[in-house]
Amino acid sequence: MIDLFSRFDEMIALRETVRGAGREDPFGLVMERVLSPTEAICNGRETILLGTYNYMGMTFDPDVIAAGKDALDRFGAGTTGSRVLNGTYAGHKDVEAALCEFYAMDHAMVFSTGYQANLGIISTVAGKGDYIVLDIDSHASIWDGCKMGDAEVVPFRHNDIEAMEKRLKRIPEGAGKLVVLEGVYSMLGDIAPLKQMIAVARAQGAMVLVDEAHSMGFIGPNGRGVAEDQGCLEDVDFVIGTFSKSVGTVGGFCVSNHPKFEILRMACRPYVFTASLPPSVVATAATSIRKLMHAGAKRAHLWENSRALHGELKALGFRLGTQSPQSAIIAVIMPDLERGAAMWEALLREGLYVNLARPPATPAGMTLLRCSLCAEHTAGQVQRIIGMFERAGKATGII
Amino acid sequence: MDRAATEARIATLVTPFNKKGAVITDASTFAGDLEFDSLTVMDFVAAIEDEFDIIISMNQQAEIETWGQLVDAVVKLTHTA
Ligand SMILES: Cc1ncc(COP(=O)(O)O)c(C=O)c1O
């Protein structure tokens, strides 16, 4: 018998490197208790959370929790069915209505996760003979959507407008084209020049999908994302988003103004062949989304936090993923995986949780400590975080 | 353009990516003999695409493992273009 698991040997070795002698395992952390959107007990220690996607701190919003409890009582724990059979409750229609209100768009389709939204929309919309042109740093769910479908897949260098245009121009005449972009790229926290890129895509006759997973709720005048911020949302055919970040629960969606959009509910397999979200989840999501429409003060505070942390870390001598703060993600670049893991552990011992990100999820083989800020982080917490980075950075020789 | 001329142009393009100066034959593999990682593949493919004004989609790349297969694919793509 050939052990099919021998293909994982390299990964097992890498995991051992990270785990090292006596170290805490970065990929085995358990949060024993969650105290608030920004604090938890991790491995027995009180810890500030700086590596969640809880950008707007909605997870413990009292209105959100109340809506979830009420739906749990009235509709039960789960739907036990697909959206197209017995799994569409009033709450699912309501959260789709909330998304249409939030984005001011005609159609919204809710999936069980954002991963499945990308998987489903990309693999269904682009078919045999069509071309998908996408940024090389796209999220795994976008790549998997490409892999699942039958279209030709053509990547281009990250945020490179000219490289994208050249590839679009070479596509055979008559072929359908879908350009796939993200608003915020979650590894380095940088944003895309969507206005120029979408103009080029349109000029070449392509349809455009933008994943705004990491911008919803706080980028753009109404929190609709980077495309709104750059004034080009009306040229986007499909916006993909998630409930697992700013919305503070779980689920994914696509919003669109395409007149035939609703047919996707029949055609899209990751929508049809899986159970729908539980009633409590869609109720929390709908409440959260509607509150995010009026979250101007929280948004402003999140930006203050992001600017403060970025500026201070840079001043301390850390290498950062972006020259200026472009989103709520600040990526601190580590020299290698081993020192990255050591720094990660030193921070955890200080009482700070950040994300350790490594290849292949990261661009250019980088090891990153990804910090993501929350609108509920106080200015005091941000100052404490900076002190922790300074001590851990000096102790591990990173700065 | 014949196969030899196409191969010569690709050979010029591969030089900066062939860091170890491996001797290339039709049977040389990119992942094994040339030790190309995914980033190198992307940059090398982009260089070929720009040189010949073609697209080599990821789907087509999946079928290309050796130098000989690459040259054949480029010959074919430049003929149908
Ligand atoms: C850009 C992007 N798209 C999609 C997703 C998937 O979201 P979800 O957590 O809802 O599956 C993520 C989150 O990991 C993401 O970063």
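This is a predicted model: local features need pLDDT of at least 70, side-chain atom pairs count only at pLDDT 80 or more; totals for chains, interfaces and linings use all residues.

1. From α4(A), the residues Y115(A), N118(A), L119(A), I122(A) and S123(A) take part in the contact. Facing them from α5(A) are S141(A), I142(A), D144(A), G145(A), C146(A) and M148(A). Sorted by class, the residues of this contact come out as 6 nonpolar, 4 polar and 1 charged.

2. The geometry of that pair is worth a look on your screen. Helix α4 of chain A covers residues 114-125, and helix α5 of chain A covers residues 140-148. Their axes come within 8 Å and cross at roughly 35°. As for hand, the crossing of α4(A) and α5(A) is right-handed.

3. Next, the interface between the chains. In chain B, 13 residues are in contact with 16 residues of chain A. Together the two chains bury about 1,200 Å², and 55% of that lies on carbon and sulfur atoms. Which three residues supply more than any other three of the area that chain B buries against chain A? They are M42(B), I55(B) and M58(B), with 45% of that area.

4. On the chain B side, the elements that give two or more residues are α2 (38-52) and α3 (58-61). The largest share comes from α2(B), with 6 residues. By class, this side of chain B has 6 nonpolar, 3 polar and 4 charged residues.

5. On to charge pairing. Side chains of opposite charge can pair when their charged atoms come close. Between chain B and chain A the count is 5 salt bridges. The side chains of D53(B) and R170(A) form a salt bridge, with N to O at 2.8 Å. D53(B) also stands out in its backbone: its phi is positive, about 55°, although D53(B) is not a glycine. You will find D53(B) in the loop between α2 and α3 of chain B.

6. Over all chains, a search of the whole structure finds 27 salt bridges. For an example within chain A, see D70(A) and R74(A), whose side chains meet in a salt bridge at 3.1 Å, N to O. Where do D70(A) and R74(A) lie? Both are in helix α2 of chain A (residues 62-75), 4 residues apart, which is about one turn of the helix.

7. Two further backbone details may interest you. E35(B) has a positive phi of about 55° and is not a glycine; E35(B) sits in the loop between α1 (3-14) and α2 of chain B. In chain A, the peptide bond from P359(A) to P360(A) is cis, with omega near 5°. P360(A) belongs to the loop that runs between β15 (355-357) and β16 (367-372) of chain A.

Conventions. Residues are numbered from 1 along each chain as its sequence is written. Chains are lettered from A and ligands numbered from 1 in the order in which they are written. Side-chain values use heavy atoms; hydrogens and water are left out. Contact means heavy atoms within 4.5 Å. Buried area is the accessible area (1.4 Å probe) that two parts lose on being put together, summed over both. A salt bridge is a side-chain nitrogen of Lys or Arg within 4 Å of a carboxyl oxygen of Asp or Glu. Ala, Val, Leu, Ile, Met, Phe, Trp, Tyr, Cys and Pro count as nonpolar, Asp, Glu, Lys and Arg as charged, and the others, Gly among them, as polar. Axes are lines fitted to C-alpha atoms, for helices over the stretch in contact, and angles run from 0 to 180 degrees between N-to-C directions. A crossing is left-handed if the near helix is turned anticlockwise from the far one by less than a right angle, and right-handed if clockwise.
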